Amino acid sequence: MREARTSDLWWKNAIVYCLDVETFFDSDGDGHGDLVGLTERLDYLAGIGVTCVWLMPFFPSPNLDDGYDVADYYGVEPRLGHLGDFVAFVRTAKDRGLRVIIDLVINHTSDQHPWFQEARANPESPYRNFYVWRDEPADDPVDAPVFPDAEDSIWSWDEKAGQFYLHHFYAHQPDLNIADPNVRHELAKIAGFWLELGVDGFRVDAVPFLLETGGIPGAEELDPHDMLRDLRLFVGRRRASAAMLGEVNLPLEPLRDYFGDESGDELHMLFNFPAMQAMYLAMARKSATPLIDTLADLPDIPEDSQWANFARNHDELTLDQLTESEREEVFEAFGPDENMQLFGRGLRRRLAPMLDGDPARLRLVSSLIFSLPGTPVLFYGDEIGMGENLDIEGRLSVRTPMQWKDAPNGGFSTARPEALRRPVVEGDYGPSQVNVAAQRADPESLLNWNERLIRIRRETPEFGWGAFHLVDSGDEAVMAHRCVWSPNSVLAVHNFSDRRRKVSIGLDEPYETIEDLLGPDDPPEGDPLEFDLEAYGFRWFRIRHE
């Protein structure tokens, strides 16, 4: 029974790797990564132990928002390849034991999408109601645009339509009207199309905005969560094992609603934004308390649901759930220059330079992401410690070409540097100092460390499946937690301090054996367990109970 269940819920013990096709590998030298190049690099991903590849948008797009302004949900951006290349990629990924999820960007479309072009041209068109129109929209100060540096309102006037249209993001990304049944039907068709081409699920973009009904005429009685329930049912009918991973960056209390009822009938997984933000505050303070308190307050979720843990994603490192003073602490520690900050709420930096390339802290963060209860998600290049390019505008500073070797363009492309979609990183975190080839040859490299950690994490399903419990360490700098999955539990202990700590952990129940999962294979014995942790040190133990 356990074997069948773990197979169905594959994402419970997955290692998810997020990448952008156009910045991963360029196979034809035109300066853009492509699906053929990505397919050539699948052996690298399988080799480091990744089990699921998450593709950022690769659909036809004017590319005003790095592909998140979708102009056609049923195709591939010609610069990146075509549908045949996508099918070949999926087939090769499955051959290597990799699952594939893709971005489902259904909160808005590009204003170049044929739906919007027909909607604005003809008030009688059935596509007119695919979007939200108003003659005189009322400005609600609560409804601020997502990108206040670019937009001062969520409404824009369209001369051709003769009305205002709603957009929570950029003006070139009009919001879809989920109150229209025809829109919901079309969104299900989009999901079904890609499921038929072999994808294993979706990362659902901007879910709270997808379900936002403010400004939609007649939507007062609409339960927007019905849309998620319907989509979940449809996806499950088409592919029973498919997963929906939601981007829901909200305070703790409303998060539970996005998993659905007690059995879990909406999103399968949610990104753990609260834990991510608390982790950076904990590191800034060199105290585990902020993360401990946040984990203690996480809502109970359905058994067949999951948190997705991450240290960095493809957007700004948002800190909006912290208080203003807490956010300033994190800014001071990891991005004190104004150019490193974005929207007053986040950082546009990569993990390695934020931590000054400190191997101890980089390994601490990796250990946290892989041992917190849930599914770990990696952002491409973080496994080798890539940096950002702050000369690139906005959030795109962290979406630079993958650094394969010490060569022109980091081995990403044979094109002239000026022909690249985005320039490579320079300086201490550029390809001459940080690249896959050099780290493969170095047994002590960050890449080899992460490969080993991924392997051990895959052999430790307790973190993905077990019941989570915080354990008192008696030291505010040290966080200890257990994940219990009978007959075993795993205990993970992390030191947020830059000083050695003596740790005493009481288990308060008998056990048969204790195994040191990360080495050097000298587990403590007795109860309480007593041992030392180096500065920024950590230990994982598997405990077999009587």
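Visitor: Is Asp-226 buried, partly exposed or exposed?
Guide: In this predicted model, Asp-226 counts as partly exposed, with a relative accessibility of 32%.

Visitor: Which side chain does Asp-226 meet in a salt bridge?
Guide: The partner of Asp-226 is Arg-229, at an N to O distance of 2.6 Å. Arg-229 is also partly exposed, its relative accessible area being 25%.

Visitor: And where do Asp-226 and Arg-229 sit relative to each other?
Guide: Both belong to helix α8, which spans residues 225–238. Because they are 3 residues apart in that helix, about one helical turn separates them.

Visitor: How many salt bridges are there in the whole structure?
Guide: A search of the whole structure gives 41.

Visitor: What about Arg-399, which residue does its side chain meet in a salt bridge?
Guide: Arg-399 pairs with Asp-66, again as a salt bridge, with 2.6 Å from N to O. Arg-399 lies in the loop between β14 (375–379) and α15 (436–440), while Asp-66 lies in the loop between β2 (52–55) and α4 (83–95), so the pair ties together parts that are 333 residues apart in sequence.

Visitor: Are those two buried or exposed?
Guide: Arg-399 is buried, at a relative accessible area of 0%. Asp-66 is buried as well, at 5%; the cut-off for that term is under 20%.

Visitor: Which residues are linked with Arg-399 and Asp-66 in a network of salt bridges?
Guide: The network also holds Glu-22, Asp-65, Glu-77, Arg-79, Asp-315, Arg-395, Arg-421 and Arg-422.

Visitor: Turning to Arg-500, with which residue does it form a salt bridge?
Guide: Arg-500 forms one with Glu-534, and their closest N and O atoms are 2.5 Å apart. Since Arg-500 is in the loop between β17 (488–495) and β18 (501–505), and Glu-534 in the loop between β20 (529–533) and β21 (538–545), the pair ties together parts that are 34 residues apart in sequence.

Visitor: What is the relative accessibility of Arg-500, and that of Glu-534?
Guide: Arg-500 is partly exposed at 47%. Glu-534 is likewise partly exposed, with a relative accessible area of 45%.

Visitor: A change of topic: where is His-167 found?
Guide: His-167 is in the loop between β6 (163–166) and α6 (181–196). His-167 counts as buried, with 0% relative accessibility.

Visitor: Which side chain is joined to His-167 by a polar contact?
Guide: The side chain of Ser-156 is, at 2.7 Å. Leaving aside residues up to four places away in sequence, His-167 touches several others, including Glu-151, Trp-155, Gln-173 and Asp-175.

Key:
Residues are numbered from 1 along each chain as its sequence is written. This is a predicted model: local features need pLDDT of at least 70, side-chain atom pairs count only at pLDDT 80 or more; totals for chains, interfaces and linings use all residues. Side-chain values use heavy atoms; hydrogens and water are left out. A salt bridge is a side-chain nitrogen of Lys or Arg within 4 Å of a carboxyl oxygen of Asp or Glu. Helices (H or I, at least four residues) and strands (E, at least two) are DSSP runs, numbered from the N terminus. Buried means under 20% relative accessible area, exposed over 50%, partly exposed in between (1.4 Å probe, protein chains only). A polar contact is a pair of N or O atoms within 3.5 Å; within protein, one must be able to donate a hydrogen and the other to accept it, and residues adjacent in sequence count only if both atoms are side-chain atoms. Contact means heavy atoms within 4.5 Å.
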